[in-house]
Amino acid sequence: ADPMTVSLAKGRDFKVWFRHTTDDSRDRIDFFKQLDPSVRVTYDGHDAAVDKLLRAVEQDPTDIVVALFEGSIVVHLAVARCLREGRCIPWRLSIFFGPLCIR
């Protein structure tokens with residue numbers, strides 16, 4: 001995590017959907033790395049995160065999915081998987097706060 005995120009956490013554990021790395025060695029906030037099209041971003045564990053989301057909304061019918069930062073990537077990837085497999089998206093509305101681009 002970048003220094004700002006660590007500071008905001010105040011020593012608490014991080015909860016993450018998946019891990020990601022970038023090829024950007026500059027000392028800057030990860031959010032800016034993620035939005036920079038010249039930076040290569042690699043995901044690790046994103047398929048398991050998509051599986052977890054889809055299982056949750058299938059077990060407990062959901063109308064709205066709200067996502068923040070990396071969570072928005074999970075929602076986008078879940079929608080893409082459903083469409084690729086010819087399935088309906090199992091919720092009616094997605095709301096994103098601080099959404100990140102799918103890389």
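**Aromatic pairs and overall architecture**

The structure holds three aromatic pairs, where rings of Phe, Tyr and Trp (its six-membered ring) pair if their centres lie within 6.5 Å, and planes under 30 degrees apart count as stacked, over 60 as edge-to-face and the rest as tilted. One of them is the edge-to-face pair of F18 and Y43, with 5.1 Å centre to centre and 70° between the planes. Because F18 lies in the loop between helix 1 (3–9) and strand 1 (19–22) and Y43 in strand 2 (residues 41–44), this pair ties together parts that are 25 residues apart in sequence. Both F18 and Y43 are buried (buried means under 20% relative accessible area, exposed over 50%, partly exposed in between, with a 1.4 Å probe and protein chains only).

F31 and F69 also pair edge-to-face, at 5.8 Å centre to centre and 80° between the planes. F31 belongs to helix 2 (residues 30–35) and F69 to the loop between strand 3 (64–68) and helix 4 (70–84), so that distant parts of the chain, 38 residues apart, are linked. F31 counts as partly exposed at 28% relative accessibility, as does F69 at 34%. Together with F32, F31 and F69 form one aromatic cluster.

The model is predicted, with local features requiring pLDDT of at least 70 and side-chain atom pairs pLDDT 80 or more, while totals for chains, interfaces and linings use all residues. Residues are numbered from 1 along each chain as its sequence is written, and side-chain values use heavy atoms, leaving out hydrogens and water.

Four helices and four strands make up the secondary structure, in the order α-β-α-β-α-β-α-β; helices (H or I, at least four residues) and strands (E, at least two) are DSSP runs, numbered from the N terminus. Of the 103 residues, 29% count as buried.
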